[in-house]
Amino acid sequence: DSAVDLSEADRIVSGGRSLKSKESFDAVVRPLAKALGATVGASRAAVDSGYAHHEEQVGQTGKTVNPTLYVALGISGAIQHLAGMRTSKVIVAVNKDADAPIFDHATYGLVADLFEVAPLLQRAIEALDS
């Protein structure tokens, strides 16, 4: 649901290589983005692996974004990715690797499994809307 161009989006939910497949990217990232009224983004690794479309790529070889909220799911925070999103106002990072560079830039960091956190977050947001 890319009604809003990534570079113009106020809220973005991005997924990385940790999603492991297009199916899990579609099952985890897209529903959370929909619940948040956000645009879907992706790391270069996720795009190169075929999980997401090139126009969803954030970073040096993708789009530069400046949203109010940037949610990074399973994105390590390679310098090329950070170049595209580090000016985001609030960065929420979820990654199992406590040493992931993304945490140096995150406003809020959760060292946790994105496959557990994202669905919980999605359900909590949907409950607020009902």
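In E2, which residue is the bridge partner of Val13?

Reply: The bridge partner of Val13 is Val40, in E2. The model is a predicted one, and what follows should be read with that in mind.

That bridge belongs to a pairing of two strands. Strand E1, residues 11–15, is joined to E2 by four bridges, and the two run parallel. In general, the strands of a sheet pair through backbone hydrogen bonds, in either a parallel or an antiparallel way.

The pairing is part of an open sheet with five strands, in the order E2-E1-E3-E4-E5, and the pairing is parallel. At the edges are strand E2 (39–42) and strand E5 (108–111), each of which pairs on one side only. From one strand to the next, the twist averages 15 degrees.

Helix H1, residues 22–36, packs on this sheet. H1 touches E1, E2 and strand E3 (69–73), and its direction makes about 170 degrees with that of E1.

The loop between E1 and H1 contains Lys20. Lys20 has a positive phi of about 70 degrees, although it is not a glycine. Most residues other than glycine have a negative phi. Lys20 counts as exposed because its relative accessibility is 60%, and the cut-off for exposed is over 50%.

Now back to Val13, this time for its side chain. The largest nonpolar core has 26 residues, and Val13 is among those that touch the most other members, together with Phe25, Val29, Leu32, Leu36, Val71 and Leu73. At least two residues of this core come from each of H1, E2, helix H2 (44–48), E3, E4 and helix H4 (114–129). H1 gives the most, with seven residues.

Leaving aside neighbours within four places in sequence, Val71 is in contact with Ile12, Val13, Ser14, Leu36 and Val92. Another core, of 15 residues, lies apart from the largest one, and its members include Val58, Tyr70, Ile75 and Ile91.

Leaving aside neighbours within four places in sequence, Ser88 is in contact with Asn66, Pro67 and Tyr70. Ser88 counts as buried because its relative accessibility is 7%, and the cut-off for buried is under 20%. A polar atom of the Ser88 side chain lies 2.6 Å from the backbone oxygen of Met85.

Notes
Residues are numbered from 1 along each chain as its sequence is written. This is a predicted model: local features need pLDDT of at least 70, side-chain atom pairs count only at pLDDT 80 or more; totals for chains, interfaces and linings use all residues. Side-chain values use heavy atoms; hydrogens and water are left out. Two strands pair if DSSP finds at least two bridges between them. Axes are lines fitted to C-alpha atoms, for helices over the stretch in contact, and angles run from 0 to 180 degrees between N-to-C directions. Contact means heavy atoms within 4.5 Å. Buried means under 20% relative accessible area, exposed over 50%, partly exposed in between (1.4 Å probe, protein chains only). A polar contact is a pair of N or O atoms within 3.5 Å; within protein, one must be able to donate a hydrogen and the other to accept it, and residues adjacent in sequence count only if both atoms are side-chain atoms. A nonpolar core is a set of buried Ala, Val, Leu, Ile, Met, Phe, Trp, Tyr and Cys residues joined through side-chain atoms within 4.5 Å.
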